[in-house]
Amino acid sequence: MGLLEGLLYMLWRGVAIGVIISAPMGPVGILCIQRTLEKGRRTGFYTGVGAALSDLVYCLLTGFGLSFIEEFLERNSNVIQLFGSIVLIGFGIYLFRTNPSKKLKRPSEKGIPAGKNILSGFLFTFSNPLIIFLIIGLFARFNFLLPEIKIYHYLLGFVSIIGGALAWWWIVTYSVDKVRAHFNLRSMWLINKIIGSVILLFAIVGIFNAAMGIANAAERAPSGSSVYMGDIINISNNGSGIKCNSLDIGGMRDFDMKFRIRNLRNAENKRYKFEDSSGTSGYNLHPCWGVNFGNGDTMVSVSVKTASNPLDALTYEPSITHTLRRGDEILADCASTAGFNIFEGLNAYRIRVKDGKLTIWGGNREYKVIFTDVKLDNVFDEFSFFVEPGGEIQIEHLDIKTLDSDNPGDDSIEESELPDIETLKETFRHSKDGIEGLWGLLDYSADDSYLKVGGEYTVAIIAAGNDVENAGEYNIYYVSGAIKYPSKWEYGSVKGLLKPTMFPNLYNMKWVSANGNEIKKSIKVEFDTRDMLINVPEYSSTLRFRKIYPENKE
């Protein structure tokens, strides 16, 4: 979950939880209203502040307590949501049938300072620990605790809870102060019935969603529909045998796996030490790593090995070889000298099995097909990363999904599809090409009737390759920023192509406009140390991009 997405996710849920916890007209609500009627709005609001702080303490206790069982929550989220909704139903019925005026106690304090009002509201609410069951129900109902939520998301979530609670008490005291002449205890009874009905509605929707989730999970279980999202995984092998890190994936016949990986012990011509059980040392040049997937009887593996230590340094070119095996049988292999970080850099991979056919993509800048449509008839219930003696790898952003009729996956991947933005940045950071990088639209002067500038574009410019036919060319890919025709643009869409001219830093451009059509007119592009100026003279239009990442050192 991204930063902005996570913040928005927690913001409204926190506010909703804060309001629902505070809204029931229990004893503290009566106390708050009575103090507002007798001693003014400020006194009543301070009482509500104390109640909100007490609710926050219980929310923190609940959140930290539940975080210790987050794996259990992840695996049983539908059941927990069902339980939480049932708790809310009981609470809603209780509110609907309760007359709060029977619990009314007339306060004897006069002229209580703000601190004492807050403290009394806090203690009055904190003395009822049963509120924690309501909080558990709300956390479960709103999926407030998720494994992918980061600490800063939770901070906003808990701030939103107290913000929602304070907003509620501000509204209550404001409303009571305005209608004090017409307010009576039957109004509080009516509020209880309304709030109880709202909570019941939330609970019924939660039960329906949980029941549907349980039913869908039961239907998909035989095909292994689980989705695994992983944080950074380090596998280090200092021993003499192959070291594996395994994960049960539950019987997937068709699946789609994506990950990024860095080979940490793969420096050019360097040997890495390992020891066997007797303490005897050995050294391995470019330890191999790979992925196994299968059912225990028949395992399919993809191994990745770097070749260096040349016999003839004048003609040698380092390469990276991918080998596909079924058991001891080699199905295919592929050696690459370009498109990958050969040694210790970051590469991205996608492994896809669909309809019994395997396709693998990989690359450091853009995905390239490694193997395609290799026939497999396996059902895969486990996979593992493995490392040879002396090796160490770091895996991040691991994502595995089953492919079935409900989730057929995306078949549109082509060789031009970009890896994720962090992989691109890592690649650009090591690039010595001053043009390669992320560029953002700085300003423009365009005749919108001809050239539609569709937003504050960010694009990735990548060298097309070292082949004779495309030497000196650059591909331009869309990254973000489309405002006009946003549905036409996806991350990695081709935005343009640069072809060199006889003049340094001057290029001819093929450019795709905001509406997705290629501009047929002549376009010239000129680079300086950090700017890219696009000139379309026939349309009296210019666009200027500035390099965002990495910054050029002038």
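Are Tyr457 and Tyr478 buried or exposed? Both Tyr457 and Tyr478 are buried, where buried means under 20% relative accessible area, exposed over 50% and partly exposed in between, with a 1.4 Å probe and protein chains only. Bear in mind that this is a predicted model, with local features needing pLDDT of at least 70, side-chain atom pairs counting only at pLDDT 80 or more, and totals for chains, interfaces and linings using all residues. Numbering starts from 1 along each chain as its sequence is written, and side-chain values use heavy atoms, with hydrogens and water left out.

Tyr457 and Tyr478 make an edge-to-face aromatic pair, 6.0 Å centre to centre with 85 degrees between the planes. Rings of Phe, Tyr and Trp (its six-membered ring) pair if their centres lie within 6.5 Å; planes under 30 degrees apart are stacked, over 60 edge-to-face, and the rest tilted. Since Tyr457 belongs to strand E17 (residues 455-463) and Tyr478 to strand E18 (residues 474-482), the pair ties together parts 21 residues apart in sequence. Helices (H or I, at least four residues) and strands (E, at least two) are DSSP runs, numbered from the N terminus.

Now step back to the strands. E17 and E18 run antiparallel and are joined by 7 bridges; strands pair if DSSP finds at least two bridges between them. They belong to a closed barrel of 8 strands, E16-E17-E18-E19-E20-E21-E22-E23, with antiparallel pairing. Helix H10 lies across E16, E17, E18 and E23, at about 55 degrees to E17. Axes here are lines fitted to C-alpha atoms, for helices over the stretch in contact (heavy atoms within 4.5 Å), and angles run from 0 to 180 degrees between N-to-C directions. H10 covers residues 421-430, and its buried residues are Thr423, Leu424, Glu426, Thr427 and Phe428.

Elsewhere, look at Trp289 and Tyr349. They form another edge-to-face pair, 5.6 Å centre to centre and 80 degrees between the planes. Trp289 sits in strand E7 (residues 289-294) and Tyr349 in strand E11 (residues 346-354), so this pair links parts 60 residues apart in sequence.
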